[in-house]
Amino acid sequence: MTIDNGYTHSEQFRGDETMICEHEAKDACFSKVSLFQHLDPSETALLTSLLHTRKYNKGEVVVQEGERSDTLYVVHQGCVKLSKYNESGKENIMRFLFPGDFFGQDSLLHQKPHPANAEVLEPSAICSINKHDFDQLLEHDPKLAYHFLLAISNLLRETDEWNSSLSAMTTEQKIAKLLLYFHTRNHAKHEIRLPVFKKDMALLLGITPETLSRKLTMMQTQGLLQVTGNCILILQLEQLRERMEPPVRSQ
């Protein structure tokens, strides 16, 4: 999708707001991405010089569905929602992305249009690398192609496992699974600051926002968690995990 000035949506925001990735080595965006964790120091330095970083505000769109580019994006800070709309205009949420997650691999490898919208859900920093620079990195480390294949394979496997497990779960189990997912990805101890609207959580789980609110209230009454605005304090982590398990059938 192009804007009237002839640039794609992402290109329109490039320029002074985009800078060379200047993260410290211990906090580099790619240090959280399995794809790049095998690089030696010289390759790490090259990658750092090729990456660019841009900060986004809540609600900004990184790329739009159908937009063409040749760029791979890596979430360094914050949270991003991948979604698309059907012909009737209903939103379908595909994934929530957290630090270390990447998107745009189809555009990077095949220059295909982006299959989904990428919307920033909270103030975020996102790093990017274009195909020309990525190919340059491949020349220095051919093993990167293998690691890239593994990363994409793992992504597809995780997506399939998520979808198949949700289809067999009760509503309460779905909510418990999503809360535990946020808990793990945010590296939280007990409190989860939800980066998404409850309506988005409901969309991902295939339930109504009213059902989600009702179930959260029920789980709070049961002493599993405490809900305050967009923060959820998990009071009984192990019991929440047990809620995801199917009931044991008597012999």
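Trainee: Let's start with Asp141: buried or exposed?
Mentor: Buried, with a relative accessible area of 1%. Keep in mind that this is a predicted model.

Trainee: Which residue forms a salt bridge with Asp141?
Mentor: That's Lys143, and the closest N and O atoms are 3.2 Å apart.

Trainee: How many salt bridges does a search of the whole structure find?
Mentor: It finds 12. One of them links Arg157 to Glu161, with 3.5 Å between the closest N and O atoms.

Trainee: Where do Arg157 and Glu161 sit relative to each other?
Mentor: They're in helix 5, and because they are 4 residues apart, about one helical turn separates them. Arg157 is partly exposed at 39% relative accessible area, and Glu161 is partly exposed too, at 43%. Elsewhere, shared partners join Lys81, Glu91, Glu119, Lys199 and Asp200 into one salt-bridge network.

Trainee: Switching topic: how many residues are in the largest nonpolar core?
Mentor: It has 31, and Phe96, Ile175, Leu179, Phe182 and Met201 have the most contacts inside it. Several elements give two or more residues to this core, including strand 6 (91-97), helix 5 (143-167) and helix 7 (198-205). Helix 6 supplies the largest share, 6 residues.

Trainee: And what is Phe182 in contact with, leaving aside its neighbours within four places in sequence?
Mentor: Phe96, Phe98, Ile192, Leu194, Val196 and Met201. Apart from that core lies another one of 21 residues, among them Phe36, Leu47, Leu51 and Phe134.

Methods:
Residues numbered from 1 in each chain as written. Predicted model: local features only at pLDDT ≥ 70, side-chain atom pairs only at ≥ 80, totals over all residues. Heavy atoms only, no water. Core = buried A, V, L, I, M, F, W, Y, C linked by side-chain atoms within 4.5 Å. Buried < 20%, exposed > 50% of the residue type's maximum accessible area, 1.4 Å probe, protein only. Contact = heavy atoms within 4.5 Å. Salt bridge = Lys/Arg side-chain N within 4 Å of Asp/Glu carboxyl O.
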